[in-house]
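Please look over the model shown here.

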Amino acid sequence: MKIATYNINGINGRLPNLLHWLSEAKPDVVCLQELKAADDRFPEQTLLDAGYYSIWQGQQSWNGVAILSRYGEIKETRRGLDDDPDDTHSRYIEAFINGIVIGCLYLPNGNPYPGPKFDYKLQWIKRLTIHAKRLMGFGLPVALIGDFNIIPTDMDTYKPEKYRNNALFRPEARKFFQSLLKQGWTDVIRKLYPEERVYTFWEYLRHAYKRDAGLRLDHFLLNEQLLGKVSGGGVDRRIRGLAHSSDHTPVWIEIQTD
DNA sequence: ATGCCCGGAGCGTCCGGA
């Protein structure tokens with residue numbers, strides 16, 4: 001069972017790219033972020049024709065998350081986080097697929113720091129912390145997957161000094177990531193590649209991809225029950241270099257199924 | 001310090017992205 005995450009940066013504008021990658025990579029389950037499409041603009045039928053069932057939480061112009069599955073109708077277990085009924089951002093959707101709880105998230109960017117957007121990021125983090133702890137108590141295999149908009153360590157950016165006051169790299173954000181690890185989650189891509197530079201995002205500006213001026217922002221956090229079943233994982237780096245690509249590239253893991 | 005590049009909305013050129 002191959003599970004992937006991809007910040008698509010506009011699902012309709014990049015539908016050809018998405019379909020091409022799906023046909024090539026053949027993931028079984030996909031978490032998508034930054035749909036930038038209202039609910040009624042989600043390309044459900046096109047994805048069905050490509051073999052994928054979907055659930056999604058859309059929003060006009062911004063944000064938006066979805067889960068795709070080749071296993072048939074998806075059992076949705078949650079959309080959105082608790083404790084803020086006024087939150088209008090579409091950033092979390094969750095499903096139960098093949099015995100695994102899959103939380104698909106698009107954590108707020110938070111720039112510029114300081115400011116209200118950074119405050120919103122911290123608020124959202126607080127709410128995710130509560131939900132992540134709750135998921136830990138289920139006694140089921142669980143994965144929190146998506147664009148965390150967090151550079152976890154110096155190793156995860158081409159130039160740490162440049163990002164010291166960036167919301168992606170601020171101590172508050174990195175501390176949160178560490179606190180999740182203390183809850184019992186494992187950053188499985190880092191575990192698979194302990195020494196390597198693994199980037200999942202390259203800016204459009206200044207030929208960042210060509211210069212390999214990247215960041216690692218897209219993560220798989222797995223609990224113990226799921227970690228033991230992981231047989232591999234990686235980054236589909238080449239996809240970022242294709243024409244009209246998203247600024248992120250797909251990341252995936254392989255799970256042994258019995 | 002600024003622009004460099006993108007999609008979306010919508011038809012000017014801005015906003016948000018990271």
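This is a predicted model: local features need pLDDT of at least 70, side-chain atom pairs count only at pLDDT 80 or more; totals for chains, interfaces and linings use all residues.

Does asparagine 149 count as buried or exposed? Asparagine 149 has 24 C-beta neighbours inside 10 Å, so it counts as buried. The cut-off for a buried residue is 20 or more. This residue lies in the loop between β8 and α4 (171–183).

**Backbone sites**

Histidine 207 also has phi near 50 degrees, again positive in a residue other than glycine. It is found in the loop between β10 (201–202) and α6 (208–211). Histidine 207 has 11 other C-beta atoms within 10 Å, so it is exposed. The cut-off for an exposed residue is 12 or fewer.

| Cis peptide bond | Omega |
|---|---|
| Asparagine 111 to proline 112 | about 0 degrees |
| Tyrosine 113 to proline 114 | near -10 degrees |

Proline 112 is found in the loop between β7 and α3 (116–136). Proline 114 lies in the loop between β7 and α3 too.

**Overall form**

Chain A has seven helices and 14 strands. Its C-alpha atoms fill a box of roughly 45 × 45 × 40 Å, taken along the principal axes. Does the radius of gyration point to a compact globule, or away from one? What value does chain A have? The radius of gyration is 17 Å; a compact globule of 258 residues would have one near 18 Å, so chain A agrees with that expectation. Of the 258 residues, 41% count as buried. Take the contacts in chain A with a separation of 6 or more: residues 24 or more positions apart account for 67% of them.

**The open sheet**

Six strands form an open sheet with mixed pairing. Their order is β5-β6-β7-β8-β12-β9. The edge strands are β5 (75–79) and β9 (186–187), and each pairs on one side only.

Strand β12 (residues 218–222) pairs with β9 in the antiparallel sense, over two bridges. Here threonine 186 stands opposite leucine 222 of β12. Strand β8 (residues 142–147) also runs antiparallel to β12, and five bridges join the two. In this pair, leucine 144 stands opposite leucine 221 of β12.

How many residues of β12 are buried? Five of its five are. Asp218, Phe220 and Leu222 point one way from the strand, while His219 and Leu221 point the other way. In a regular strand the side chains alternate between the two faces of the sheet.

**The nonpolar core**

The largest nonpolar core has 71 residues. Which of them touch the most other members? They are Leu32, Val65, Ala66, Ile67, Ile102 and Ala143. Strand β7 (residues 100–106) gives the most to this core, with six residues. Isoleucine 67 shows how far such contacts reach along the chain. Leaving aside neighbours within four places in sequence, its contacts include Val29, Cys31, Ile55, Ile102 and Cys104. In soluble globular proteins, nonpolar side chains tend to be buried together.

**Around DNA strand B**

There are 23 residues around DNA strand B. Gly10, Gly13, Asn109, Asn111 and Tyr204 come nearest. The residues of this surface divide into eight nonpolar, 11 polar and four charged. Asn111, one of the nearest residues, is joined to proline 112 by a cis peptide bond.

How values were computed:
Residues are numbered from 1 along each chain as its sequence is written. Chains are lettered from A and ligands numbered from 1 in the order in which they are written. A residue is near a molecule or strand if its C-beta atom, placed from the backbone, lies within 6 Å of it. Ala, Val, Leu, Ile, Met, Phe, Trp, Tyr, Cys and Pro count as nonpolar, Asp, Glu, Lys and Arg as charged, and the others, Gly among them, as polar. Two strands pair if DSSP finds at least two bridges between them. Helices (H or I, at least four residues) and strands (E, at least two) are DSSP runs, numbered from the N terminus. The radius of gyration is taken over C-alpha atoms; the globule rule is 2.2 Å times the number of residues to the power 0.38. Two residues are in contact if their C-beta atoms, placed from the backbone, lie within 7 Å. A nonpolar core is a set of buried Ala, Val, Leu, Ile, Met, Phe, Trp, Tyr and Cys residues joined through C-beta atoms within 7 Å.
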